[in-house]
Amino acid sequence: MRNTSWKRERAWIEVNKKNLAHNVKILRDAMPKGCELMAVVKAEAYGHGAYAVSRHLNKLGVFAFAVATAEEGIKLRQGGVQGEILILGYTNVCRAYELKKYNLTQTIIDYDYARALNSQRVKVKVHVKIDTGMHRLGIGWREHERAVGVFSMKYLNVTGVFTHLSCSDSLEKRDISFTRLQIRRFYRCVGRLKSRGAVIPKVHLQSSYGLLNYPQLSCDYVRAGVALYGCLSSPGDKTLLKLDLRPVLSLKARVVLIREIKKGEAFGYGRNFIAQRDSRIAILSIGYGDGYPRNLSCSQGMAKIRGYQLPVIGNICMDQMAVDITDAEGILPGDTATLIGEGDLSASSVAEYGGSISNELLCRLGGRLPVVIRYS
Ligand SMILES: *Cc1c(COP(=O)(O)O)cnc(C)c1O
């Protein structure tokens, strides 16, 4: 293994490749036969590092990826990532040549966009997105005429049709009926396109929760993000499939100082922590500048050091924070603190303490953090 000790000096992300491979296998086993995994690696693969994750996935036989922007796709191609790379979001049509050059597949976000892209006179691969009720991107499910029109555009090579489900994460009755409605609208629309002569190589509609709650759908890809990284969005989420997914990412930081503060003294900005007793505190070299949410200040968040679960005290700073170690024994400068990991520190739990979901927490882990790859 390469010497990566410099990366562990201050604060860092650890990516566990074994767990990534495990999740790929578990997801594949849960998917219907013939359906492939499309790894969603937008936003630096939810903070895990898009390039390293995608290259590793190539080795595991994953050859379909989804990104949010053309830039993200180009970076992967320049690094040698192989397979389909679908851009889920908007790309300025004047970049058609780059889409072709880097063999990227662009999402058709509406009919006028298709016309504008076609008018660039550069042959590009596209997936047509159908809006089945989320009302974000896509050609409306009732507008099959227009969707069929895209198939006859000379410079657009349609290699797929997809939709996105807006509440597949919920098992509330009304959300289940809305999701089923979206699913029916999608397949009906696909059926109409086919009956009008459209050749559709690939169809897809599930993201992570789409698979976990609607595993039986027949399609060609599952677009998995958060599940691939071994997380639920929120820790209490109930899902139909209960898969043994394991967290791929941990967030760690160094204990750089240990200090004693007297009863009545304060820590940090705003003096928001006042010691109720003579206390020992550990200063960790990580802060909101690294993506650790500031609203985990004042006991909302916690860190694990030498097996002790310790509350965050005072306000989290941009580059530092502190935990109360008065009741813990044997903690020394140089020790490693875990901020995101397993159990009570799972990404979904930590996100929830801060009022968000794991998806946001992970993808905001900043560019300042080095990524250390673990192989076991
Ligand atoms: C981000 C995204 C996904 C992945 O969602 P997860 O819930 O992380 O699996 C899938 N499809 C689309 C269109 C997305 O934007």
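Reply: A polar backbone atom of glycine 225 lies 2.8 Å from an oxygen atom of the ligand, a polar contact being a pair of N or O atoms within 3.5 Å. This is a predicted model, in which local features need pLDDT of at least 70 and side-chain atom pairs count only at pLDDT 80 or more, while totals for chains, interfaces and linings use all residues. Residues are numbered from 1 along each chain as its sequence is written, and side-chain values use heavy atoms, with hydrogens and water left out.

Side chains take part as well. In serine 208, a polar side-chain atom is 2.5 Å from an oxygen atom of the ligand. For lysine 42, an N or O atom of the side chain lies 2.7 Å from an oxygen atom of the ligand. Of the 390 Å² of accessible area that the ligand has on its own, the protein covers 88% (Shrake-Rupley method, 1.4 Å probe).

In total, 13 residues surround the ligand, each with a heavy atom within 4 Å of it. The closest are Lys42, Tyr46, Ser208, Gly225 and Val226. By class, the shell holds five nonpolar, five polar and three charged residues; here Ala, Val, Leu, Ile, Met, Phe, Trp, Tyr, Cys and Pro count as nonpolar, Asp, Glu, Lys and Arg as charged, and the others, Gly among them, as polar.

Two or more residues of this shell come from each of α2 (42–47) and β10 (221–224), where helices (H or I, at least four residues) and strands (E, at least two) are DSSP runs numbered from the N terminus.

Notes: A polar contact is a pair of N or O atoms within 3.5 Å; within protein, one must be able to donate a hydrogen and the other to accept it, and residues adjacent in sequence count only if both atoms are side-chain atoms.
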